[in-house]
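Please look at the sequence and the model first, then read on.

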There are 2 protein chains.
Amino acid sequence: MSPILHALEHESPKLSQMERKLAERILSSPSEIVHMGITELAEQCGISPATVTRFCKAFHFKGFPDFKVKLASEIAHSDATPQDGSYQDIVAGNPLSVIVEAMQANHLASIRDTTSLLDIDRLQAAVDLLCRARRVDLYGMATSSIVAQDFYQKLIRIGVNCTAFADSHMQITSASTLSAGDVAFAVSYSGETPETIDALTCAGASGASTIALTSYGSSRLATLADIPLFSSSLEQGMRRGDMASRIAQLHIIDILFTGMVSTRFGDFIPKLEQSYLNVQHYRHKRGGQS
Amino acid sequence: MSPILHALEHESPKLSQMERKLAERILSSPSEIVHMGITELAEQCGISPATVTRFCKAFHFKGFPDFKVKLASEIAHSDATPQDGSYQDIVAGNPLSVIVEAMQANHLASIRDTTSLLDIDRLQAAVDLLCRARRVDLYGMATSSIVAQDFYQKLIRIGVNCTAFADSHMQITSASTLSAGDVAFAVSYSGETPETIDALTCAGASGASTIALTSYGSSRLATLADIPLFSSSLEQGMRRGDMASRIAQLHIIDILFTGMVSTRFGDFIPKLEQSYLNVQHYRHKRGGQS
DNA sequence: TCATTTAAGGAAAATAATTTTCATATTTAG
DNA sequence: CTAAATATGAAAATTATTTTCCTTAAATGA
């Protein structure tokens with residue numbers, strides 16, 4: 001905890017009643033305080049602005065604005081809410097400031113956890129497969145289709161021959177036409193999505209190499225795939241576990257993509273640049289029929 | 001470097017003479033600025049306080065004090081983590097382990113920076129608008145359409161009447177049919193995507209409230225919108241700046257969505273649960289024709 | 001117990017800081 | 001070269017903060 005907050009907590013017993021109310025309010029959500037005026041804060045504590053100023057002076061700040069700036073730079077040092085730095089659930093009527101902190105904690109933890117349980121060798125194997133693939137199929141339903149679509153958008157920019165159907169029939173249809181040298185890449189938060197499992201099974205049967213991206217844990221999809229990749233899973237009871245998971249999965253997508261580009265830099269970077277420039281170029285012709 | 005300072009440097013050429021003096025003074029020693037009053041700073045730059053306020057507003061801060069607080073938390077942050085806190089670029093032939101670390105650093109920094117420059121009041125205003133909206137339109141091209149799609153998937157699960165066209169003609173068509181009480185939500189990494197700007201302009205002209213989600217800095221889209229929301233921007237020379245930006249934008253989407261659910265918990269949670277259960281239920285009937 | 005002292009705290013005045021308005025200068029486009 | 005648009009500062013208006021002054025409440029001592 002930051003020195004200022006620590007001091008507030010430590011000195012709290014020595015403070016008077018009104019001052020303690022104030023200290024508690026500040027400790028309850030420091031990041032809110034820095035965006036408040038002195039009057040607003042005083043009102044929320046049921047005290048007068050005068051008391052707030054005196055309080056700041058007592059802690060040797062030049063005044064309330066000085067306190068805010070110092071507090072702002074201190075709380076930036078630590079990640080949101082260190083004591084409950086792990087995953088937070090959604091509850092009713094939470095103020096937005098609490099939601100922001102919880103979400104930051106969730107997403108940071110999600111990325112850190114995912115990174116720490118990555119298997120570099122498997123990741124490398126996936127990159128190698130993808131780089132050499134004649135054709136790449138991407139499967140995913142609902143939330144996971146977003147991840148698949150994201151990968152799709154990246155891959156076409158470097159000229160990889162790939163598809164990303166959200167329609168389960170099309171997925172199966174496409175999977176049926178794969179063969180050795182092709183890669184099927186399936187995304188599923190649960191790893192148990194039947195449509196995705198079917199598509200990957202079908203792709204494997206057709207001779208394609210299979211990669212699965214799921215949450216950590218044993219799942220049918222992970223077992224099925226040649227190369228299983230994992231994002232961090234959330235604690236039980238999380239109402240919306242797929243939010244952080246999606247971020248973590250995109251994190252892995254970025255690593256895979258960057259790995260591919262880095263491996264075949266000479267091939268891929270010019271295509272990447274060219275696709276960007278062409279979008280710019282053709283966009284400026286806009287104005288007439290299109 | 002922090003997104004704010006980076007934006008100042010980056011936009012410096014576009015600024016007027018007086019504004020540039022100010023930007024240079026801020027860049028020369030940011031940590032001094034946060035302990036100055038507006039008059040003192042203006043004097044040191046040989047300009048008027050009015051120009052300083054206008055400058056802050058142009059960068060979408062609520063005013064000079066707001067700028068100071070945001071700057072304070074950002075520079076504290078970069079002091080704290082000079083190495084792994086900053087963004088890394090892609091280069092050729094990097095081993096995967098290096099890529100993994102760089103990507104983690106990028107994504108963590110991106111989420112932290114984005115959170116620190118969030119404006120809770122604006123965010124709250126956006127949540128309120130979205131909660132009360134009769135209809136919501138989501139606009140975004142390419143990478144940004146992924147973000148729009150993601151929000152779309154979330155919103156339909158809680159029964160919000162919304163659409164997310166990737167087709168620019170459809171976006172305009174839909175925008176034309178909006179009216180007061182509706183909300184148009186546009187996503188663009190650059191904030192300068194013509195198709196997205198057109199769609200949001202059209203929506204605004206139709207009487208809808210407009211929200212824009214772009215990278216930090218002044219952009220046409222941000223200026224256009226009733227409520228501009230910002231994700232952190234990356235430093236110059238980043239080959240693929242939109243990767244981290246996408247994560248940051250999804251982070252904001254998650255906050256908005258969670259804010260909405262939290263605000264109308266009783267309405268939305270049952271729908272969320274039901275949509276989940278129904279997907280499970282109807283999936284198990286699978287096996288015959290579908 | 002009761003007066004007296006002392007400190008806490010609020011109301012409101014005073015001050016300081018910031019923002020807005022308005023008038024002027026400067027640049028840009030035609 | 002003129003007109004419109006933009007940029008800027010001076011000063012007014014507003015807002016925020018701090019100080020002053022006064023009341024209240026608790027503590028101390030006769």
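How are α2(A) and α4(A) oriented to each other: roughly parallel or roughly perpendicular? The axes of α2(A) and helix α4 (residues 38–45) of chain A come within 9 Å and cross at roughly 110°. The two helices are therefore roughly perpendicular to each other. Axes are lines fitted to C-alpha atoms, for helices over the stretch in contact, and angles run from 0 to 180 degrees between N-to-C directions. Helices (DSSP runs of H or I, at least four residues) and strands (runs of E, at least two) are numbered from the N terminus.

K21(A), L22(A) and R25(A) of α2(A) make the contact with L41(A), Q44(A) and C45(A) of α4(A). Contact means heavy atoms within 4.5 Å. These residues divide into three nonpolar, one polar and two charged. Here Ala, Val, Leu, Ile, Met, Phe, Trp, Tyr, Cys and Pro count as nonpolar, Asp, Glu, Lys and Arg as charged, and the others, Gly among them, as polar.

A word on the source. This is a predicted model, in which local features need pLDDT of at least 70 and side-chain atom pairs count only at pLDDT 80 or more, while totals for chains, interfaces and linings use all residues. Residues are numbered from 1 along each chain as its sequence is written, chains are lettered from A and ligands numbered from 1 in the order in which they are written, and side-chain values use heavy atoms, with hydrogens and water left out.

**The DNA strands**

Take DNA strand C. It is surrounded by 20 residues, and the closest are S16(A), T51(A), I38(B), T53(B) and K57(B). A residue is near a strand if one of its heavy atoms lies within 4 Å of it. Of the atoms of DNA strand C within 4 Å of the protein, 71% belong to sugar or phosphate and the rest to bases.

DNA strand D also has 20 residues around it. Its closest residues are I38(A), T53(A), K57(A), S16(B) and T51(B). Of its atoms within 4 Å of the protein, 70% belong to sugar or phosphate, and bases supply the rest.

| Residue | Part of residue | Phosphate oxygen of | Distance |
|---|---|---|---|
| M18(A) | backbone | DNA strand C | 3.2 Å |
| T51(A) | side chain | DNA strand C | 2.7 Å |
| I38(B) | backbone | DNA strand C | 2.5 Å |
| T53(A) | side chain | DNA strand D | 2.8 Å |
| S16(B) | side chain | DNA strand D | 2.5 Å |
| M18(B) | backbone | DNA strand D | 3.2 Å |

Which element gives the largest share of the surface near DNA strand C? That is α5(B), with five residues. Near DNA strand D, the largest share comes from α5(A), again five residues. The surface near DNA strand C has eight nonpolar, nine polar and three charged residues. For DNA strand D, the classes are eight nonpolar, nine polar and three charged.

**The sheets**

Chain A holds an open sheet of five strands. Their order is β2-β1-β3-β4-β5, and the pairing is parallel. Two strands pair if DSSP finds at least two bridges between them. The edge strands of chain A are β2 (162–163) and β5 (227–231), and each pairs on one side only. Strand β1 (residues 136–139) and strand β3 (residues 183–188) of chain A pair over four bridges. Y139(A) stands opposite A186(A) in β3(A).

Helix α13 (residues 242–263) of chain A lies across β3, β4 (209–215) and β5 of chain A, at about 130° to β5(A).

Chain B also has an open, parallel sheet of five strands, in the order β2-β1-β3-β4-β5. In chain B, L138(B) has F185(B) of β3(B) as its bridge partner.

**Where two helices meet**

Helix α9 (residues 143–157) of chain A packs with helix α9 (residues 143–157) of chain B at about 170°, with axes 10 Å apart. That makes α9(A) roughly antiparallel to α9(B). Residues in the contact include I146(A) and R157(A) of α9(A), and I146(B) and R157(B) of α9(B). By class, the contact has two nonpolar, eight polar and four charged residues.

Definitions and conventions
A polar contact is a pair of N or O atoms within 3.5 Å; within protein, one must be able to donate a hydrogen and the other to accept it, and residues adjacent in sequence count only if both atoms are side-chain atoms. Angles under 35 degrees count as roughly parallel, over 145 as roughly antiparallel, 65 to 115 as roughly perpendicular and the rest as oblique.
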